[in-house]
Amino acid sequence: MSHFKVNEDDLFFILKNQLNYGSLCRLERYRELDEDTLDLLVKEALKFARTEIAPLQEIGEKWGVILENGQVRCAPEFRAAFRLYGENGWTAAARDPEYGGQGFPHMLRIVINDLMYGACQAFNMAPSLTHGAAHLIESFGSPELKERFIPHMFSGRWAGTMALTEPQAGSNLAALRTMAVPEGDHYRIRGSKIFISWGDHDLTENIIHLVLARIEGAPEGVKGISLFVVPKIRVNPDGTLGEPNDVLCGGVEKKLGLHASPTAQLNFGEQSGCLGYLCGEANNGLAHMFQMMNAARINTGVSGMTLASTAYLNALAYTRERIQGSDLAGRKPGFVPIIDHPDVRRMLLWMKATVDGMRSMIYTGAYWSELALELPPGEEKSHYQALVDFLTPIIKAYCSDLGFQVCETAIQCLGGYGFCREYPLEQYLRDSKIMSLYEGTNGIQSIDLLGRKMRLNGGALFQSYLSEIQDFCRKQADQPRLGSEIRALAEAVNRLEVMARTLADKMKTDPLQWASYTYPALLCFGDLTMVWRLLDLAVLAQEQIDAGRGNDFLSGKVLQATYFTGTTLPLTLARMETCLREGRDVVEIPENAF
């Protein structure tokens, strides 16, 4: 039986009932699509994830990656799956048909990744990175670069990466040293990159690296960084492959998890033979790369959420079957399934609510992104872009952290068996840990949220975020079944605004004190976003219940929302107060006192 479990009804309740994603087909770009077609794509993605991708989880974990003579080898099954992934259109499902895309809404890319990452996180990173790299070329490359590289990347023939990090330049890309020397219509690239996911492998005949480098003579700092297309194997003008491009793998990391995903050290131009092609404007490479980085941050949140989802459902299946102990209240004779025990039910309900809330948060952000991209210029388009920009660090940090916590809780439900490789939960836990570190650690995300995102456009991003939740609370404050929870959310949002604005002032007067509280403040934003999305789902479910169409599925939507709200908001309010305390312990403790 496959490790990968997903509740299809949960996905479609968010997509159809909460977001009405079929309404995207009224946008000009999707006028030839309809909701039935979108539904079919999601179902086909689910089928592909179950049949083709999920079996790779165990295969990849056993095989790992092998580095021999400077070449990384992966499980042969990965190679076949990567090509099929591209040929079936999953890599470019949401890209323009001009270069081999299928033209579906951008948000469907998030839904596809939800399913594919849940089926095999280590594998799906390869086509996801390939998509991101190809889309960078699509967005900023010359027509010649687009024609030469994109179709082969979307088709599954070639793969792609993003190559940013260097030994001395992790989050601080201003310290980047990789150089690019102009030479005719190309550049000579020389430098080393580390921590490059899927940086080398044998899945494809070529790997296209999107590399940040500094053109000789460029300004110091981030304003002197440019973006280059650097193939592992040179590509001739007619599209055929030429000689190796002096891109060598210097090693692969030995990691806690994601054992089937090669994390490589790459050396460019050791023999002065590495050619690269400028992608976009010179000295504007970091701004270009942020397109891929922001997408990767959202996908990191997707990964945390979907690993949590399959972990929860595996734990749920186990608790229904595992017979242990007697019913505490004597309701049933003999020994009972452990799902009857209140503490197990507590863990299951928390996981259920957390997974559904995270998925709703992420899908909502994807829906907003669609509107930000496709609406005509104007106030509404700007509003949705502000929402996406503000929500991105919350999705990345909050969902990666909570995803790990759900995997931990799922193990707890299995007791000692959860610690054993006989069940998939310990691998989910190991694989999910990296998500809080990828694409800027979660502490960095909190500084971005409480710093730059709060200040942008005079606080317009924060105001757009507040307005969405406050509008929901005003409209639903008198909802008969859920009104008290919704009013509690409204009060918490008011306190959140006080906290956020107080911290904004603190940033100016005491930046060290401010920075010591940005991460717990981000968690407060995540909590309230979760409560909002869960209550919104609950209102929709309650409407159907009130109309006489009630069932256990709908009751679960209501009860998960009331439970999460009732057990989370008091803790969130307390955390807000800690963010406002005057104590400077974190800042003032001497280094030698740690």
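The legends below describe close-up views of a predicted model.

In this predicted model, local features need pLDDT of at least 70 and side-chain atom pairs count only at pLDDT 80 or more, whereas totals for chains, interfaces and linings use all residues. Residues are numbered from 1 along each chain as its sequence is written, and side-chain values use heavy atoms, with hydrogens and water left out.

**View 1. Helix 9, residues 342-374, is mostly covered.** Helices (H or I, at least four residues) and strands (E, at least two) are DSSP runs numbered from the N terminus. The expected span of a helix is 1.5 Å times one less than its number of residues, so the 33 residues of helix 9 should span 48 Å, and the 48 Å between its end C-alpha atoms agrees with this. Of these 33 residues, 25 are buried, where buried means under 20% relative accessible area, exposed means over 50%, and partly exposed lies in between (1.4 Å probe, protein chains only).

**View 2. Helix 8 packs against helix 10.** Helix 8 (residues 285-321) and helix 10 (residues 379-414) meet at an angle of about 20 degrees, and their axes are 8 Å apart; axes are lines fitted to C-alpha atoms, for helices over the stretch in contact, and angles run from 0 to 180 degrees between N-to-C directions. Helix 8 and helix 10 are therefore roughly parallel to each other, given that angles under 35 degrees count as roughly parallel, over 145 as roughly antiparallel, 65 to 115 as roughly perpendicular and the rest as oblique. The crossing of helix 8 and helix 10 is left-handed, a term for a near helix turned anticlockwise from the far one by less than a right angle, with right-handed used if the turn is clockwise. The residues of the contact of helix 8 with helix 10 comprise 15 nonpolar, eight polar and two charged; here Ala, Val, Leu, Ile, Met, Phe, Trp, Tyr, Cys and Pro count as nonpolar, Asp, Glu, Lys and Arg as charged, and the others, Gly among them, as polar.

**View 3. Helix 5 packs against helix 8.** The angle between helix 5 (residues 107-119) and helix 8 is about 50 degrees, with their axes 8 Å apart, and the two helices are therefore oblique to each other. The crossing of helix 5 and helix 8 is right-handed.

**View 4. Helix 13 packs against helix 14, and Ile 469 lies in helix 13.** Helix 13 (residues 460-476) and helix 14 (residues 483-509) pack at an angle of about 160 degrees, with their axes 9 Å apart, which makes helix 13 roughly antiparallel to helix 14. The crossing of helix 13 and helix 14 is left-handed. Within helix 13, Ile 469 has a relative accessible area of 1% and is therefore buried. Ile 469 and Arg 533 are 64 residues apart in sequence, and their C-alpha atoms are 9.1 Å apart in space.

**View 5. Asn 20 and Glu 439 have positive phi values.** Asn 20, in the loop between helix 1 (8-18) and helix 2 (35-53), has a positive phi of about 50 degrees although it is not a glycine, and at 36% relative accessibility Asn 20 counts as partly exposed. Glu 439, in the loop between helix 11 (425-433) and helix 12, is likewise not a glycine and has a positive phi of about 55 degrees; its relative accessibility of 22% makes Glu 439 partly exposed.

**View 6. Leu 266 lies in strand 11, residues 263-268.** With a relative accessibility of 1%, Leu 266 counts as buried. The C-alpha atoms of Leu 266 and Asp 200 are separated by 8.1 Å, although these residues are 66 residues apart along the chain.
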